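Here is a friendly briefing to read alongside the model. Please keep the viewer open as you go through the points.

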Amino acid sequence: MATFLYKLGRLAFRRRHFVALIWVALLTLAGVGAASAPAPGATSFSIPGTEAQKAFDLLEQRFPGGSADGATGRIVFKAPEGEKMTDADNKATVAKTVKELGDGSEVVSVTDPFTTNAVSKDGTVAYTSVKYDAPGMELKDATRDALETAADEARATGLTVDVGGDALQAAAEAGAIGEVIGLAIAAVVLVLTLGSLVAAGLPLLTAIIGVGIGVSTITALANVLDLGDTTSTLALMIGLAVGIDYALFIVSRYRGELADGRDREEAAGRATGTAGSAVVFAGLTVVIALAGLSVVGVPMLTKMGLAAAGTVVVSVLIALTLIPALLGYAGKKVRPAGEKRKRRGGDTSEAPEKAAAPEKSAAQAKPGLGVRWASFVIRRPAAVLLLGVVGLGAIAVPAAQLELGLPDDGSQPTSTTQRRAYDLLSEGFGPGFNGPLMIVVDAKNSDDPKAAATTVTDGIKGLKDVVTVTPAAFNKAGDTATITVIPDSKPSSTQTEDLVHAIRDKGADVKADTGAKVLVTGTTAMNIDFSQKLTDALVPYLALVVGLAFLLLIVVFRSILVPLKAALGFLLSVLAALGAVVAVFQWGWLAGLIGVEETGPIMSMMPIFMVGVVFGLAMDYEVFLVTRMREAYVHGESPSQAIVTGFQHSGRVVAAAAVIMMAVFGGFISSSESMIKMIGFGLAIAVFFDAFVVRMVIVPAVLALLGKKAWWLPKWLDRALPNVDVEGEGLRTLDDSEKAGDADPDEKKELVSA
C-alpha cells in the first residue's frame, strides 16, 4: 500500500492543476445540486419492530385521514392573579383565539377548552389543542407564524400565554457562532504546531472542501432519501474534525521528509506513502464504526451513520490527493517561519541536506516535550499505567447511574415558550398530562369489540399511577378503538415507564380473554421503546465494530496484543466520557458552565452513538501514534526506543489533532438544541480522555511493560495475513535500489545480494 500511495502522491504533486480542478468541480457540482434540490419534507421517525410503531402503523391503516403523524400545537392560557379562565373577558379572548386558529390552511381541528373539559380544577389554566395535517418539520412558516401570532394577541389582553407541542418544531440550530470559534481555535493550534500560515491553512482549506462536498451532497439528496437536519450536523461535525486531522498528519510528515533532505516531489510522495497509509486505515476504522450503526435497526441512525461515513471517505480521498497537489503550489512556504528566515541568505532548494542540518542539531541538543514524556513513561510504566486507569475509572463511576430517555419540551431551557407551556400544563393538570399514553385496541378478531374496549378501560383504571382514562373512541368500521391515559408522573419518569409495561401486561390477559390486541403508543411509549431497542443493540453493535476493527488493526500492526490494548483503552475512555455526560447533563455538575439549564435523562442514542463515533476517532490516534512506533521497531530500534521515536515524530501532531477535534466538537456545545449540545460535549470530552490519557499515558506504559511481546504474532497468522506495508518498507527498498543505481558495479552486487 505504501508504494501505491507513494506513486499517487507524486502523481498528484506533478498533476496538481488537474487534481485541484477535479475537486473544485466536485465541490461546484455538489453545491449546485444542493441549491437546486427541492426543500426536504418531513423526516419520518420510525422504530421497526416495536409495539409503539406497530400501533402507530395500525392507526394510519384503520383511521384513514386522521393525520396520525400530523403535528399538534397547544396554546396554554393562565388567568391573572385573582381571576379565572371562566371569567367573561377571558372566555372571550379564548374564543377569539380558537376562531383565528381554525382559519389556518393546514389546520384539521381546533378544540374549545370550555367544551372539551380542558380547564384545570381551580379554573386558572386552560388550553386549546390544534391538530395539523402535516408533521411539525413539514409545516409552512406561515402556519407557525399564525400560531405564534394568535398567542401574542391573547397575551396582549393580560393573560399568560405560551405555546407547546411539536408544531413549533423547526430545524435544529447547530450553533454557528460556536462552529466559527471552533475553527478559529483549530487555526491557532495549526499555526502553533506547524509554524507557518500556509501550512496551517492547508488542513483547514481541504477540510472545508471535504465537508462542503459531503454536506452539500446530503442536502441535495435529503428529500429523496428522507435525511434530517441532524444528519448534516453529524457529517459536518465528523467531517471537519477528521478532515483537519488527516491533512495535518500528511503535511507534518511532508515537512519531516523535507528536513531529511528530500526534494519536494519525493517528500510529497513519501509523506503520502507513509502517513497516507495511516490515514487510510484510520479512516477505515471510522467508516466501520459509523456504517456499523446500521445494525441497530433504526432507519434514522442508519442514515446518519452512512452519511457521516461517506463524508469521512471524501476526507480521506482529499488527504491523499488534494493535499499533495496543494503542497506543490505551496512551495517552500510550508516551512516554519523561523527556518525560512534562516534560509534568506541563499537558495537552499538545491542543498536540502545542509539546510536541514541546523534544525536537526537543535532537535538533538534539546529533546522535545514528547521525547521527554515518553522517556519518563518508560522509566515508570507501572505507576503511570495505574494512575491513568484509576483516574479514568473514577470518572466513569457516574455511568453506572445512567438513565436514558428522549428530550421533550420539559428539557427545553426555561426561556422558551415550549418549556413554559409544559410547566403551565403540569401546574394545572399534573405532570403526566404532558405525556399522555395512547392505547390502541385492535378488536378485529373479537366477537364483541365494545366489550373488549370496556374491559381494557376498566383494567387500566385499576392500575397504579393512572389519573385519567378517556372513553374508547372507535373508527368507522367499529373494529379499532383508541383510549387516552393520563399518567400521574412526568413522561421521562421511571413510574411512567412502569405504567407502560403494566398496561402491556394487562393487554396479554385481554387478548387471551377477548381476542382483542392491546397496543400502547404515543410519544412517551415511543421513547421507551426506542431506548430499549438501543440498549438491546449496544452489545451486538459493540461486538461487530470492535471485532472488525480488531481484525483490521491486526493487519496494520501485525500484532495481537497491540490491537487488544487499543480496544480495551477505547472502552475505558468511552465509559469515562459517559460518566462525565451523566455528571453534567443528568446530575447537573458544572452544568452552568456549558449552558445546561435543565437536567434529566441522557438521550437514548447517546451511548451507542458515542461508541460508534468515539471508537473510530480513538483508533485514529492509535494508528497515527503506534504506526510510527511500529515503523521504528521494524527498522531495527529497540521496543523502548521505538516508543520514544513514535512520540518524537507523532506525539506533537496527535496532541494538536486532538485539540483541534475538541475545538470543533466543543463548538457545538453552544447550540440551543439539547441533543446537539450533549453530542458536542460528549465527543469533545471523549477525545480528551482518549488522546491525552489513553493514547499518551496508558498506551506507552503498556508497550513499555510488554517490550518485544507487544509485537508478537503467531507465525501461521503472520503468513496468512496480507502485507499492507504501513511502515513503508517498500519505500526503503526504493532507497536501496536508488543507491544501487548510483554505486559502481561492485557496490551494486553487494546491495542486490543484501
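How many aromatic pairs does the count come to by the ring rule? The count comes to twelve aromatic pairs, where rings of Phe, Tyr and Trp (its six-membered ring) pair if their centres lie within 6.5 Å, and planes under 30 degrees apart count as stacked, over 60 as edge-to-face and the rest as tilted. This is a predicted model, in which local features need pLDDT of at least 70 and side-chain atom pairs count only at pLDDT 80 or more, while totals for chains, interfaces and linings use all residues. Residues are numbered from 1 along each chain as its sequence is written, and side-chain values use heavy atoms, with hydrogens and water left out.

**Confidence**

- The protein chain has an average pLDDT of 83, and 88% of the residues score at least 70; pLDDT is the predictor's confidence in each residue, from 0 to 100.
- Among the elements of the chain, helix H14 (residues 381-396) has the highest mean pLDDT (95) and helix H25 (residues 745-753) the lowest (40); helices (H or I, at least four residues) and strands (E, at least two) are DSSP runs, numbered from the N terminus.
- Over residues 344-365 pLDDT stays under 50, and the model has 13 contacts beyond four places in sequence for them; contact means heavy atoms within 4.5 Å.
- Residues 742-754 also stay under 50 in pLDDT, with six contacts beyond four places in sequence.
- Where pLDDT is low, the predicted coordinates should not be read in detail.

**Aromatic pairs**

- Phe249 and Phe624 form a stacked pair, 4.2 Å centre to centre with 20° between the planes.
- That pair links distant parts of the chain, since Phe249 is in helix H8 (residues 229-259) and Phe624 in helix H20 (residues 606-634), 375 residues apart.
- Phe249 is buried at a relative accessible area of 9%, and Phe624 is buried at 2%; buried means under 20% relative accessible area, exposed over 50%, partly exposed in between (1.4 Å probe, protein chains only).
- Tyr127, Phe429 and Phe433 make up one aromatic cluster.

**Nonpolar cores**

- In the largest nonpolar core, of 188 residues, Tyr246, Ile439 and Phe665 touch the most other members; such a core is a set of buried Ala, Val, Leu, Ile, Met, Phe, Trp, Tyr and Cys residues joined through side-chain atoms within 4.5 Å.
- Helix H22 (residues 674-706) gives the most to this core, with 19 residues.
- Another core lies apart from it, with 24 residues, among them Phe77, Met85, Leu139 and Ala154.

**Sheet and strands**

- Four strands form an open sheet in the order S2-S3-S1-S4, with antiparallel pairing; two strands pair if DSSP finds at least two bridges between them.
- Its edge strands, S2 (107-110) and S4 (160-165), each pair on one side only.
- Strand S1 (residues 72-78) and strand S3 (residues 125-132) are joined by seven bridges in the antiparallel sense, with Arg74 opposite Ser129 in S3.
- Elsewhere, strand S6 (residues 437-442) runs antiparallel to S10 over five bridges, and Val440 has Leu519 as its bridge partner in S10.
- Strand S10 (residues 517-521) is largely enclosed by the rest of the structure, because four of its five residues are buried.

**Positive phi**

- Asp465, not a glycine, has a positive phi of about 75°; Asp465 is buried at 17% relative accessibility.
- Leu590 has a positive phi near 55°, and is exposed with a relative accessible area of 65%.
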